[in-house]
Amino acid sequence: MNFTRDLMKRLLSILFLLFFLDTYSQNKEVIIRGNVIDKVTSEALIGVNIICNNQGTSTNIDGFYEIKIPVGESKITFKYIGYENQIKNISSKKDSSINLNIKLSPSSEQLNTVVVSAGKFNQRLEETTVSMEVIKPNLIENKNSSNIETAMEQIPGLNITDGQANIRGGSGWSYGAGTRVLVMVDDMPLISGDAGQVQWNLVATENINQVEIIKGASSALYGSSALNGIINIRTAYPKQSEIDKNPNIGYTKVNINYGIIDFAKRSSLNWYEGERNTFKGIEFLQAIKYDNLDISFGGNIFEDEGYRKDEETQRKRFNINSLFKSKKITGLSYGINANFLFESTASVIIWDSFDRAFTALNNDVSTTSGDSYNIDPYVTYIKGNNRHSLRTRFLKVINDNESLDSLLENDNTSKSYYSDYRWQKNIKKHNLSFTSGITNEIIFARAKIFKGKNYRRNHAVYSQIDKKIGDLNISVGGRYEYFSLNSESKHIINGDTTDHFAIGSPVFRAGLNYQIGETTFLRTSWGQGYRFPSMAELFVSTNASGIEVYSNPELKPETGWSAEIGIKQNIKIRNWNGSIDIAAFNMRYNDMMEFTFGQWGDPQTMPLYGLGFKSVNIGATQISGLELSFNGQGKITPNIKAYIIGGYTYMNPIALNPDEVYTESIGEISINGEIIGPELTYNNSSSDPSILKYRYQHIAKIDAEITYFDNYILGGSVRYNSFMKNIDKVFTDEWLNQELIPGINEAREKFKNGDVIFDIRLGYNVDKNSKLSLMVNNVFNREYMSRPADMQPQRTIALQLSIKI
């Protein structure tokens, strides 16, 4: 933290020095400033070129620009790829400033989605060298998503199981510990320091600009946990177009929803009698733009009686975003963002039986109460072609697990201190961009289940060069990260016991994107990745919902790489804009970690005869496949507007050395008459070793919406996944299915053809400020599982009222 503090002081000192130098250099110039937005969507446009008398600048991430022009008559040109140029004639006087807001009209060729995550700078989606998907806030609102996970379900090639994201089969199942997909908010991780668990409920769904998903190893830019890709959630600031409608009070958005959980088709599943269980919530956002200050604050209150017995949720979340643009120091902006979450949740790992799938095993439910919050101060300074930014985050997660020792206050607590300083230089004359940075993360964690106090540090330097030569974009980058862990628990390295562990790891990436036609883009990329085990995976020892979870202090970091080749075709047919993307990918991992069910404890003294879960290294693996994705929006007829997003992913995840012994269980165990152990291989521990465990081979998704006369809305989604062929073999044992966890084999036989889930939504725009919606999820009330002994929700029906003034 001293490093971050000193860096901030030096940066501000430089800024103030530049300010005083500018003050004393008297020249006859006028300042022109304003915002540039899309004329159709009113969204801020990032990276718009503004040119006047051989001087130039570009808009920042909020669409804001500022440029100095000579006194007198001048001509300013606004240029942005995919939009019509706009020229303004300005007449100015000495010592004056002019506010000039611009609305650019899209040209006929491009979709014009601008992303930041691919290279940590603004670029068009079709020009990136990696596979990316983008979610706009409309989909989140239309899906009645009080939790961002619901909207993530519609992304091609991505699925979420027990809070852990999985992109293209790169991850299996890991209950609440460790993640190969780095989830960020505004370019900074939102992952608990101890368990490496994504804090989905801390994301302010009411204040999202867009969500960017990178598929494939991204550790070169983003570090550990980005081994399988990233999800970057970018929050929003007040839009000038909305503020102009109510310049004194800004704008207000409110969503109110109420829903019921329907009865299941099989009466044995319906643990509650009489009235159906319900869920309800309200979220709001107030955005204000006062002079050079942008500020928004909002909140979400949500209650859910749950579809499983005793799995209730109560949540209160509040957020604030602020941005101040300095008048005295051109190019300087700073602010502070924050989120505060107060919640009580319950969770179930294993069902009691297939006939009582909505009831926990032995009625054992884990209930957790806790407070979490993040506070994010930041500062940005832009001078000419140089951009300096410092983003910081303090994240605190407190969980009081009532299923553990009730006398122990704050069963587990983690504090994360994160900072990222980034310098970017754009040399427009040579179409060249440099990005370099320094990242620091310090984590303190304390938990009984982690066997005491733990202290972790990550320090990294990274750099990337992006060059455009004609129609070819070239991207090359690298990162070096140092990781150290001090713990009251003992870590085991090559048989030696120690309370300190440290390792350094360099990784590299490269990519090409070539525009082979007016709207056709060919890309290829290769990138390395790595992931250090979380404290939970190393040291956790607990009982959750009646299932024992065992520690593994011998767990090793996992490394790997991913490569792909893809082509994106943008499509324009009259008033319809769309794109089709096809990609072939291959991922390789060494020492891959998997959450494995087996006999890890003493069968005489531990619950379930020593059966439980533990994270283990399973050796070398490979995931290859193909993916098709598409999206589009526009007018079908003058009175009908439509939107669509979807895709299909084929994955072939395999163990490269299936007969290699990767770990040992506590002893031999009989599974369906076959003696397994203590030496475990992928072949003898899998129900179907032809693919990796807890993965699908086929995933298909589509979401579409039609708006008629700007008033009537009809939308729906379909999600398909194939049968999960491979699970831990012990789950399939007949004795276990009869005596301990009944019904797993019966359910797998019933669902062996995969799952198809339909959702539907209807909407009516009452007036220009309000909309009433009806949403039905799992329309046909289908039974389906995300993993063994985990039945997913039955049909839900919800009403939502959306108001924006």
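User: Which residues does Thr796 touch, not counting residues up to four places away in sequence?

Analyst: A contact means heavy atoms within 4.5 Å. By that rule Thr796 touches Ile260, Ile261, Phe279, Met775, Val776 and Asn777, with residues up to four places away in sequence not counted. Before reading further, note that this is a predicted model, in which local features need pLDDT of at least 70 and side-chain atom pairs count only at pLDDT 80 or more, while totals for chains, interfaces and linings use all residues. Residues are numbered from 1 along each chain as its sequence is written, and side-chain values use heavy atoms, with hydrogens and water left out.

User: In which strand is the place of Thr796, and is Thr796 buried or exposed?

Analyst: Helices (H or I, at least four residues) and strands (E, at least two) are DSSP runs, numbered from the N terminus, and Thr796 has its place in strand 49, residues 796–804. Buried means under 20% relative accessible area, exposed means over 50%, and partly exposed is in between (1.4 Å probe, protein chains only). Thr796, with a relative accessible area of 15%, is therefore buried. The C-alpha atoms of Thr796 and Val779 are separated by 7.9 Å, the two residues being 17 residues apart along the chain.

User: How many salt bridges does the count come to, and which residue meets Asp294 in one?

Analyst: A salt bridge is a side-chain nitrogen of Lys or Arg within 4 Å of a carboxyl oxygen of Asp or Glu, and by this rule the count comes to 42. One of them joins the side chains of Asp294 and Lys325, at 3.8 Å from N to O. Because Asp294 lies in strand 20 and Lys325 in strand 21, the pair ties together parts that are 31 residues apart in sequence. Asp294 is buried at a relative accessible area of 2%, and Lys325 is buried at 7%.

User: Where else are buried residues paired in this way, for instance Arg479 and Glu481?

Analyst: Arg479 forms a salt bridge with Glu481, the closest N and O atoms being 3.1 Å apart, and both of these residues are buried. The side chains of Arg308 and Glu311 also meet in a salt bridge, at 3.1 Å from N to O; Arg308 counts as buried at 7% relative accessibility, as does Glu311 at 12%. Salt bridges can also be read as a network, and here one links Glu133, Arg168, Lys215, Arg523, Glu564, Lys568, Asp581 and Glu627.

User: Which residues gather in a patch of negative charge on the surface?

Analyst: For charges, a patch is made of residues with over 30% relative accessible area and no salt bridge, like charges being joined within 9 Å. Glu303, Glu305, Asp310 and Glu312 gather in such a patch of negative charge. Asp310 is found in the loop between strand 20 (293–304) and strand 21 (313–325), and is partly exposed, with a relative accessible area of 43%.

User: What is the phi of Asp310, and which peptide bond is cis?

Analyst: Backbone angles are read residue by residue. Asp310 has a positive phi of about 65° although it is not a glycine. Asn672, likewise not a glycine, has a positive phi of about 50°; Asn672 lies in the loop between strand 40 (669–671) and strand 41 and is partly exposed, with a relative accessible area of 45%. The peptide bond from Gly677 to Pro678 is cis, with omega near 0°, and Pro678 is found in the loop between strand 41 (674–676) and strand 42 (679–680).

User: How many helices and strands does the protein chain have, and what share of its residues is buried?

Analyst: Totals set the local features in context. The secondary structure of the protein chain comes to nine helices and 49 strands, and buried residues make up 58% of its 805 residues. Of the contacts with a separation of 6 or more, 65% are accounted for by residues 24 or more positions apart. Accessible areas come from the Shrake-Rupley method with a 1.4 Å probe, and for residues only the protein chains shown count as cover; the protein chain exposes about 33,100 Å², of which carbon and sulfur atoms supply 54%.

Notes:
Patches are made of residues with over 30% relative accessible area and no salt bridge: like charges are joined within 9 Å, nonpolar side chains (Val, Leu, Ile, Met, Phe, Trp, Tyr) within 5 Å. Lys and Arg count as positive and Asp and Glu as negative; His and the chain ends are not counted. The place of a charge is taken as NZ of Lys, CZ of Arg, CG of Asp or CD of Glu.
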